[in-house]
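Here are a few exercises for getting to know a new structure through its side-chain contacts. Have a go at each one before you read the solution.

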Amino acid sequence: MANLVIVESPAKAKTIQKYLGKNFEVVASMGHVRDLPKSKLGVDVENGFTPQYLDMKGKEDIIRDLKKRAKKSDCVYLATDPDREGEAISWHLAQMLNLDMNANNRVAFNEITQSGVRSGMANPHRIDLDLVNAQQARRILDRLVGYKLSPFLWKKVKRGLSAGRVQSVAVRLIVDREEEIRAFVPREYWSIDAKLRSPHSAKQFNAKLVSVDGTKIEIANEMQSQMLLARLENAQFVVTGIRKRVTKKQPAPPFITSTLQQEASKRLGFQSKRTMKAAQELYEGIEIEGMGAVGLITYMRTDSLRISADAQAAAAEYIKAVYGENYLPEKPRVFKSKKSAQDAHEAIRPSMPDLTPDRVKSSLSSDQYKLYKLIWERFIASQMANALLDTVSVDIDAAGCLFKASGYSVQFDGFTVLYEEKNENEEENQKMLPLLAMNDVLKVISLDGNQHFTQPPARYSEATLIKALEENGIGRPSTYAPTITTILARMYVEREGKQLKPTALGEVITQLMKEHFEHIVDTAFTAKMETDLDNVEQGTADWVATLEAFYQDFAKTLEQAESAMDGKHVKIPDEETDVVCEQCGRNMVIKIGRFGKFLACPGFPECTNTKKIVQETGGVCPLCSSKIVLKKSKRGRSFYGCSGYPECNFMTWNVPVEETCPQCSSTLFQKGGKAGKLVCEKPQCGYERSLK
C-alpha cells in the first residue's frame with residue numbers, strides 16, 4: 001500500500017507528488033479541517049481555556065476521504081506549511097485520523113524542489129506541541145477579544161461591528177496619523193539656491209546655502225531671503241574646499257515577508273494580499289515548460305535573513321559565470337536577522353538560483369513573473385560585490401556665505417548592475433560635478449530665494465503600515481496581509497489612491513477603544529503579547545498561564561467599560577455631501593452599510609431616500625457623450641463606464657484623462673500605466689500616443 005502525504009493545497013500536492021513517485025499518494029486537506037465554532041465563543045474560560053474544536057462546515061467530503069485513505073495507507077505523513085498555522089493543521093489532522101501523536105510523521109519543506117522534498121522526507125519528526133500551543137494561544141486570544149468586545153461595540157455604536165487584537169492596533173496607527181495631519185501647522189522656510197558654472201567646463205551644477213559667517217542658517221521668511229540675496233548680489237563664488245572619497249554601497253539583504261510586501265508595493269503597485277497570493281503559488285509549485293511542476297521560491301512567511309550554504313554557492317556560481325569573478329564579494333555575505341526574529345526558515349529566495357526569470361516567464365502569470373523576478377534579482381544582488389562610488393563634496397564661499405555642492409560617479413557598478421533598492425531619502429538629482437579646482441572663481445548663472453513649507457507626515461500606505469507594524473513588534477509575517485484586508489473589509493479604513501485613511505466609523509471605534517480598552521490598542525502591550533506567544537512557541541512559557549494573565553485584566557476592563565457606558569450610545573458622524581435629496585431637498589449624507597458606502601437622506605425616518613455613490617471622472621463617454629463614472633466589478637476591481645448604463649454599455653479598464661483627442665475631441669484614456677500610451681476609444685478614430 002502507498003504512503004499517504006497530506007498537504008494543504010492541490011498545487012502543492014501536485015508538485016510534491018512529482019518528486020515522491022508512485023509509492024506515495026499526496027492529497028490536500030484544503031487548509032484547516034477543524035476550528036472553533038462560529039456561532040459561540042467555543043472556549044471554556046473557567047477550565048483552562050479549553051477550546052471546543054469542530055469539523056469545519058463544507059469539509060465533510062474532504063474529511064471522509066482523508067479518513068478513508070489514511071486507513072488504507074502504511075504510513076501517514078503530515079506535510080503542511082512549516083509554521084505555527086501549518087503545525088496546528090497537522091495536529092488537528094493527527095487527532096482526526098487517530099494517528100500516534102508521538103510518531104515521527106511530521107515533515108516540513110522549506111522549498112518544494114527535489115532536494116527540498118527529499119530532505120524533508122528523510123528527516124521526519126514529531127509534531128511540535130510548543131508550536132501548536134502558540135497557535136492555539138493566538139487563536140483563543142483573538143477569539144476572546146473578538147467575541148467579548150464585539151457585542152460591546154454592537155450595543156454602544158452599531159450592530160455588525162467587530163474588534164480584533166492586532167487589527168485594532170493597526171487602525172489606531174492610521175487614526176493617530178490622521179490626527180497628526182489635522183493638527184499639523186505648516187511652517188514657512190526659504191532656501192537660497194545657486195546655479196553655477198566651472199571655468200573648466202560648460203556644464204552647470206547646483207549649490208545650496210548652508211551657513212553665513214560660520215553659523216548654520218535657517219531662513220524663516222522672504223525678508224531674510226531678500227537680505228541675503230542683496231548681500232550676495234556682487235559676490236564672487238570661490239571654491240574653498242574639495243573632498244574626494246570612494247564610498248562603498250552594500251546590497252540590500254534578501255527579502256523577508258515584510259520587506260517583500262513593502263518592495264512589491266513600491267515597485268509593482270501590489271497590495272499585500274496580491275503579493276502573498278502570488279508568493280504562495282510560486283512556493284507551492286508551477287508547471288514550468290520542460291521541467292514539470294516546480295516550487296520556485298522558498299517558504300514566503302519568514303522573518304529570518306539566513307541563507308543556506310548551498311544557495312550561496314549556487315548564487316556565486318551564477319554570478320561568476322554571467323558577470324565575472326570581480327562581481328563576487330571577498331567572502332559570502334551573511335546578513336543578521338533582528339533579535340526578535342523566530343528564524344524558523346531561510347530568507348525568501350529562489351529555490352534554484354540559476355533558474356532566471358526569463359527562463360520561466362512563458363510559464364508564469366503576469367503577477368507570478370513580476371514577483372519572481374523581484375525575489376530572484378534581490379537575492380542574486382544580495383550575494384554580489386559592493387558598488388564603488390567616487391563622491392565629491394565642494395565648499396564654495398561667497399561674501400562669507402558658505403554654499404555646498406556634492407555629486408558622485410560610479411567607479412564600479414557591482415550589485416547595482418542587477419538590482420538597487422529604492423531609497424526615498426536619497427537625492428534623485430545628485431549627479432557628478434564638473435571638474436573643479438581650489439580657488440576657482442565660478443560663474444553665477446542664477447541665484448534664487450525659494451519658498452518652502454514644512455509638510456505634515458504622510459498617511460500610511462500598505463508598505464509603510466507594514467513597516468510600522470514590524471518596527472513596533474505588532475503581528476508576525478503571516479498576519480500583515482490578513483490584518484490590512486480585514487480593516488479594509490470592515491470599513492474602518494479606506495483607500496485614497498495608495499494611501500490608507502480612517503473612516504468616520506474607524507475613528508469612532510478607535511476613540512472608544514482608547515478610552516475604555518487602552519491595553520488592546522496600545523502598541524507596547526500588543527508587542528509584549530507577541531513576545532509572550534513567541535515564548536510559548538519556544539517552550540519557555542505555558543500557553544494556559546499566558547491566556548490567564550491576559551484574560552483576568554481584560555475581563556475586569558470589560559466590566560468597567562460596561563459600567564461606564566451604561567445607557568450611553570456613540571453616534572457615528574455623518575459626512576454631508578452637496579447631493580440634494582430630490583424628495584425633500586436636504587443635503588444627503590454618506591452612510592456605511594453592509595455593502596459599503598451609500599447616500600442617504602438625513603431626514604430618516606420621515607424621508608427614506610437612498611442612492612448609490614457615483615464617482616465622476618470628468619471624462620465623456622465616446623459613444624453617447626454622457627459622463628464617465630468609476631465603477632467596481634464583483635471582484636472589487638475598478639473600471640470606468642457610462643453613467644447612462646444600461647441604455648449605453650460602454651466600459652473600459654483604461655483610465656480617463658483631462659486631455660482630449662486632437663483628431664475628434666473625445667476623452668483620451670491612459671492604457672498600460674505611466675509607461676503606456678494615451679488612446680482614443682471613439683469608434684473609427686484610432687488615435688493613440690506613447691507616454692514614453
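Predicted model: local features only at pLDDT ≥ 70, side-chain atom pairs only at ≥ 80, totals over all residues.

**Exercise 1.** Work out which parts of the chain the salt bridge between Lys12 and Asp81 ties together.

*Solution.* Start with the contact itself: the closest N and O atoms of Lys12 and Asp81 are 2.6 Å apart. That passes the test for a salt bridge, because the cut-off is 4 Å. Lys12 belongs to helix α1 (residues 10–20), while Asp81 lies in the loop between β7 (76–78) and α3 (84–96), so the pair ties together parts 69 residues apart in sequence. If you let a search run over the whole structure, you get 45 salt bridges.

**Exercise 2.** Decide whether Glu377 and Lys373 are each buried or partly exposed.

*Solution.* First, find the pair: the two side chains meet in a salt bridge, 2.8 Å from N to O. Both residues sit in helix α12 (residues 366–382), four residues apart, or about one turn of the helix. Now use the cut-off: buried means under 20% relative accessible area. Glu377 has 14%, so Glu377 is buried. Lys373 has 30%, so Lys373 counts as partly exposed.

**Exercise 3.** Find the strands that hold Glu688 and Lys677, and say how exposed the two residues are.

*Solution.* These two form a salt bridge with their closest N and O atoms 3.2 Å apart. Glu688 is in strand β30 (residues 688–690) and Lys677 in strand β29 (residues 677–680), so the pair, 11 residues apart, links distant parts of the chain. Glu688 is partly exposed at 47% relative accessible area, and Lys677 is partly exposed too, at 27%.

**Exercise 4.** Follow the aromatic pairs that Tyr327 makes with Tyr323 and Phe412.

*Solution.* Begin with Tyr323 and Tyr327: their ring centres are 5.7 Å apart and the planes make an angle of 45°, a tilted pair. Tyr323 is partly exposed at 23%, whereas Tyr327 is buried at 13%. Then move on to Tyr327 and Phe412, which also form a tilted pair, with 4.8 Å between centres and 50° between planes. Tyr327 lies in the loop between α10 (309–322) and α11 (357–360), and Phe412 in strand β15 (residues 401–412), so this pair ties together parts 85 residues apart in sequence. Phe412 is buried, at 18%.

**Exercise 5.** Name the residue whose charged end sits over the ring of Tyr460.

*Solution.* The residue is Arg177, with its charged end 4.2 Å from the ring centre.

Methods: Residues numbered from 1 in each chain as written. Heavy atoms only, no water. Buried < 20%, exposed > 50% of the residue type's maximum accessible area, 1.4 Å probe, protein only. Phe/Tyr/Trp six-rings, centres within 6.5 Å; stacked < 30°, edge-to-face > 60°. Lys NZ or Arg CZ within 6 Å of the ring centre and 35° of its normal.
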